[in-house]
Amino acid sequence: MTSLIIRVDAVHETGLAHAARCSRLIDLLPERPRVHVLGQGEALSEFFPYDKIVPLKGPVDVFLKALVIETEADAVLVDQPVHDPVLWSALDALPQLKRLMVDDFGSDAPADLVFNGTVIEDYHRYPNLRTGGHALCGGEYALIAPVFAKSRHDDARKGPVIAICGGGDRAADWAMQLAEHGPALAKPHPFIMIVGSSFPDFESLKRMTVLNGGIAKQGLPVHQIASHLARAPVAIMTGGMVVYEALAAGVPSIVFPQLENLIPEIDWFTERGALINLGFENGDDIPALSEQLEALLGDPSKAVALSAKGPELIDGLGMARAAEAITQLLSS
């Protein structure tokens, strides 16, 4: 059996999408490797319940080298939002390891196989791959769970309006605003707020949402998120992987790109008529959201157009394509 080390974190500051996509990707392999996860965040155990979690509490190079020896690792999978030169320097001393990387913005890391499912071509730059290395890029390699593509349908969406907020302080602040105003904005539809398991002070968010007539949920499994998206007449969300999930599910979406590095891809989807962009500067302005939400709920033809365009751009099959490529690499 192949022995694999995954270097990934699951903390509020960087969000949970990195751990989620690694977990789902490994589960799709025909023969699941023996996995050890090296990282930070209590939520890691939620994504890797059957694997060994090794908390990173010191220099990554020391921990990595010790773990490679202990586990007789064959390969390492790295999914980090910021390039870590110490990690890659340590890998240079371990040339026998096959190096897989999931990335979103381009990198000079010397990997054997890279997956970058973002749609921005400027982010697809990998000049320093190892000999024979490959970078598989674009929306066809968006690493989202296959259940989102399976959840799309053309029936009238009569479920609640949902809001999904990701990681980071700005997203957390916006979530609290939506907890206060979202239920009223969504009328006559019910309103559900969804956040990840690492969201800070979920109890306060829940109290605010319930007080104003909505429902708040935390840390939902992927199939429940997909079900909510499939039934929602509109989804309100921050930027990140959830946007790709919503597009694959074909739900009309209103997006607040809460981080500057999310602006280009949300603009890209906006230009192609796939979503409504609240903008980075004033996207957390509740009156602006109210105007867009009211207009979309009142315009069925606009909602249908958005619903059709999303799956054209993101078909939701990227995870299966990536699993096939990993299988080929590990067996070579």
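**Salt bridges in this model**

Colleague: What is the relative accessible area of Asp284?
Modeller: Asp284 comes out at 24%, so it is partly exposed. Buried means under 20% relative accessible area, exposed over 50%, and partly exposed in between, with a 1.4 Å probe and protein chains only.

Colleague: And where do these values come from?
Modeller: This is a predicted model, where local features need pLDDT of at least 70, side-chain atom pairs count only at pLDDT 80 or more, and totals for chains, interfaces and linings use all residues. Residues are numbered from 1 along each chain as its sequence is written, and side-chain values use heavy atoms, with hydrogens and water left out.

Colleague: Which side chain meets Asp284 in a salt bridge?
Modeller: Arg170 does, at 3.9 Å, N to O.

Colleague: What counts as a salt bridge?
Modeller: A side-chain nitrogen of Lys or Arg within 4 Å of a carboxyl oxygen of Asp or Glu.

Colleague: How many are there in the structure?
Modeller: It holds 13 salt bridges.

Colleague: New topic: Arg99. Buried or exposed?
Modeller: Buried, at 3% relative accessibility. Its side chain meets Asp92 in a salt bridge of 3.5 Å, N to O. Asp92 is partly exposed, at 49%.

Colleague: Which residues are linked in a network?
Modeller: Salt bridges link Arg21, Asp79 and Asp104.
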